[in-house]
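Subject: The structure for you to look at

Hi,

Here is the structure I said I would pass on.

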2 protein chains.
Amino acid sequence: MSGDLIRVSEIFGPTIQGEGALIGQPTVFVRTGGCDYRCKWCDTLHAVDSAYRDQWCPMTPEAVMMQVEILSGGQPLTVSLSGGNPAIQPLGDLIDLGHAEGYRFALETQGSIARDWFSTLDVLTLSPKPPSSGMAIDWQKLAECVEAAGPGTQVVLKVVIFDEADYAFARDAAARYPDLMLYLQPGNHTPPAPEDANGAIDMAGIMDRMRWLVDKVSSDRWYTATVLPQLHTLIWGNLRGV
Amino acid sequence: MSGDLIRVSEIFGPTIQGEGALIGQPTVFVRTGGCDYRCKWCDTLHAVDSAYRDQWCPMTPEAVMMQVEILSGGQPLTVSLSGGNPAIQPLGDLIDLGHAEGYRFALETQGSIARDWFSTLDVLTLSPKPPSSGMAIDWQKLAECVEAAGPGTQVVLKVVIFDEADYAFARDAAARYPDLMLYLQPGNHTPPAPEDANGAIDMAGIMDRMRWLVDKVSSDRWYTATVLPQLHTLIWGNLRGV
Ligand code: SF4
Ligand code: SF4
């Protein structure tokens, strides 16, 4: 048995990745519990709020990997490590175990905590939180995350956009990291309450923001940005575990 | 003035690419007129049926490039060459002109006609038509297209899926080209009539096929496939020119 325990909120899939660089790709998701942030519009409160802590299961890396292999039928695919903030957890051993079996690992974090095992990831998505989240960005920490990833890991940026201030924030992020792919994602104004796993979503509102964003990047001639909605939200609404 | 004239059905953008490998990326679209196929569910009949031929404008490569530069504000981005079947048209000079200005070129074709200038494309999407199209596949022609692209062009496959037979066809295509990314795209059962540019779409039907496809690739453990809807159809319906 190796090292520390991972606090797991849920493991599910395979389903398709609904966001960002790996959109549409079959993926098993390992969602960890706990977050150092409290974003106003967090859509995974069940993996953030310590009120749900008793639903988070401490698991060894071996146990997590076993569950992933059961779900994937033992056939390698991409494992998405998300949260909460998965950078809180000791995930290095899990990544090594999975790599030995041919699995790929993508991790998404807000970029507030850098870990040396970021360099073993296949894809690191840094999702710095814009003003509408109510959180303050620490650009230095984000830089440490990019640094930790190193040359062997594909690093991309993803910014959730609700309004003009968020959009300006994303432009700033892009200016700081001109060589990284940057994904703009319209925010979901109607995130699910943790106790309501099947909550309805405001599809029209999300689509309005999507059109607005496409118009913005077009008229600003910001052609290096990529604009993508949360596909899983469009397909399954706020239904959890798909 | 260089070479032959290009028959252009429409030039529009920038908007985001709604499908496949470049999904979400700001793009100007050059849609050419004319096609050697007649797919049952063709969603661009206005660029296929010769009844609309008088709406296709013969343009020099310079004139097309000028229009692209006006739309993009002179700032390079990806130009998507589509149709109809753009492989019918003499597009080599256009690609060279645009490359000289820093533009990138992606082309989508069914793979029935190989052209030597495919090797100058940045991305070539081959979209062999499945049984539901009513067309017969010529694998030899498809192989010639892959061959024509050569090492400098990213080649990807995209297959529209309506039913089980289409899915089996896609699996066959994947087995023939294990090294190419393959995109599965749920078909649109309610393509617009050419005279109805704003036709409503059966969103629920498309989403049903999307969920069905995700379930299929998951239960078949076909993890190298990527499943993506036509994003522009979800966002704008059948509205043309966005
Ligand atoms: S960083 Fe992510 S998981 Fe943490 S509170 Fe914000 S949205 Fe929720
Ligand atoms: S190949 Fe494409 S453009 Fe031609 S008829 Fe078929 S769907 Fe329409």
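Below is what turned up, topic by topic.

Before you start: this is a predicted model, where local features need pLDDT of at least 70 and side-chain atom pairs count only at pLDDT 80 or more, while totals for chains, interfaces and linings use all residues. Residues are numbered from 1 along each chain as its sequence is written, chains are lettered from A and ligands numbered from 1 in the order in which they are written, and side-chain values use heavy atoms, with hydrogens and water left out.

**The ligands**

Which residues surround ligand 1? They are Cys35(A), Tyr37(A), Arg38(A), Cys39(A), Cys42(A), Thr44(A), Val48(A), Gly84(A), Gln110(A) and Lys129(A) (a residue belongs here if one of its heavy atoms lies within 4 Å of the molecule). By class, that shell has five nonpolar, three polar and two charged residues. In case you wonder about the classes, Ala, Val, Leu, Ile, Met, Phe, Trp, Tyr, Cys and Pro count as nonpolar, Asp, Glu, Lys and Arg as charged, and the others, Gly among them, as polar. Around ligand 2 you'll find residues of chain B, including Cys35(B), Tyr37(B), Gly84(B) and Lys129(B), and the shell splits into five nonpolar, three polar and two charged.

**Where the chains meet**

Chain A and chain B each put 32 residues into the contact (heavy atoms within 4.5 Å). About 2600 Å² is buried between them, with carbon and sulfur atoms giving 69% of that; buried area is the accessible area (1.4 Å probe) that two parts lose on being put together, summed over both. On the chain A side, H5(A) gives the most, with six residues (helices, H or I of at least four residues, and strands, E of at least two, are DSSP runs numbered from the N terminus). The residues on that side divide into 22 nonpolar, eight polar and two charged.

**Salt bridges**

One example is Glu108(A) with Lys158(A), whose closest N and O atoms are 2.8 Å apart. This pair links distant parts of the chain, strand S5 and strand S7, 50 residues apart. Glu108(A) is partly exposed at 25% relative accessible area, whereas Lys158(A) is buried at 3% (buried means under 20%, exposed over 50%, partly exposed in between, with a 1.4 Å probe and protein chains only).

In chain B, Glu10(B) pairs with Arg31(B) at 2.7 Å. Glu10(B) is buried at 14%, and so is Arg31(B) at 13%. Then there is Arg176(B) with Asp172(B), at 3.1 Å; these two are separated by about one helical turn because they sit four residues apart in helix H4 of chain B.

Two peptide bonds to look at are cis: Gly13(A) to Pro14(A), with omega near -5°, and Gly83(B) to Gly84(B), with omega near 15°. Pro14(A) lies in strand S1 of chain A. Also check Arg221(A), which has a positive phi of about 55° although it is not a glycine. You'll find Arg221(A) in the loop between H5 and S9.

Happy browsing!

Conventions. Salt bridge = Lys/Arg side-chain N within 4 Å of Asp/Glu carboxyl O.
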